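Here is a short briefing for a first look at this structure. Start with the view below, then read the points by topic.

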Amino acid sequence: MTAVLRRAEAADARPAADVWLRSFAAALPTVIRPRTDDEVRTYFREVVVPLRETWVAESADGVVGVMVLSGAELSQLYLHPDWRGRGIGDRFVALAKERSPQGLTLWTFQVNSPAHRFYERHGFVAVERTNGSGNEEQEPDVRYVWRP
């Protein structure tokens with residue numbers, strides 16, 4: 001089964017938030033979320049989908065991935081856990097590079113080793129590590145940069 005990448009619409013806010021919630025729980029079980037599930041859903045409905053460049057991956061099962069761009073920042077890329085390893089993340093990164101051909105930056109948590117390998121495989125380089133004091137989760141993170 002394949003998935004189509006397309007711009008998110010208002011009706012995609014809840015399923016995109018649900019993908020975010022499932023993915024976060026599966027990939028980052030040790031990271032404490034500062035927002036409840038309902039607060040995440042509200043944020044997607046009121047901020048992410050209407051105000052950010054939000055893309056979804058949609059299969060016959062519905063929304064299975066979400067990517068959010070904010071200028072040259074790849075601010076979010078999450079896949080439903082059952083859809084990891086099927087090339088959707090690769091397609092999202094290729095799309096992000098097309099949308100921001102001068103370069104991209106992103107943050108990921110230091111505990112997320114699979115994300116590090118994924119982004120490094122796509123040419124991103126770690127340029128900064130922090131103690132997490134600048135993010136909501138207070139979790140040490142790392143900033144990656146891609147330049148063509």
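Predicted model: local features only at pLDDT ≥ 70, side-chain atom pairs only at ≥ 80, totals over all residues.

**Strand β7 and its partners**
- Strand β7 spans residues 141–146.
- Five of its six residues are buried, so β7 is largely enclosed by the rest of the structure.
- Strand β5 (residues 104–109) runs antiparallel to β7, and six bridges join the two.
- Strand β6 (residues 125–129) is also antiparallel to β7, with four bridges between them.
- Val 142 in β7 is the bridge partner of Thr 108.
- Val 142 is also the bridge partner of Arg 129.

**The largest nonpolar core**
- In soluble globular proteins, nonpolar side chains tend to be buried together.
- Here the largest nonpolar core holds 25 residues.
- Met 67, Leu 74, Leu 77, Ile 88, Phe 92, Tyr 119 and Phe 124 touch the most other members.
- Two or more residues come from each of β2 (53–59), β3 (62–70), β4 (73–79), α3 (88–99), β5, α4 (113–121) and β7.
- Helix α3 gives the most, with five residues.

**Around Leu 77**
- Leaving aside residues up to four places away in sequence, Leu 77 touches Val 66, Met 67, Gly 89, Phe 92, Val 93, Phe 118 and Tyr 119.

**A separate core**
- Another core, of 20 residues, lies apart from the largest one.
- Among its members are Ala 8, Leu 21, Phe 44 and Val 49.

Terms used. Residues numbered from 1 in each chain as written. Heavy atoms only, no water. Buried < 20%, exposed > 50% of the residue type's maximum accessible area, 1.4 Å probe, protein only. Pairing = 2+ DSSP bridges. Core = buried A, V, L, I, M, F, W, Y, C linked by side-chain atoms within 4.5 Å. Contact = heavy atoms within 4.5 Å.
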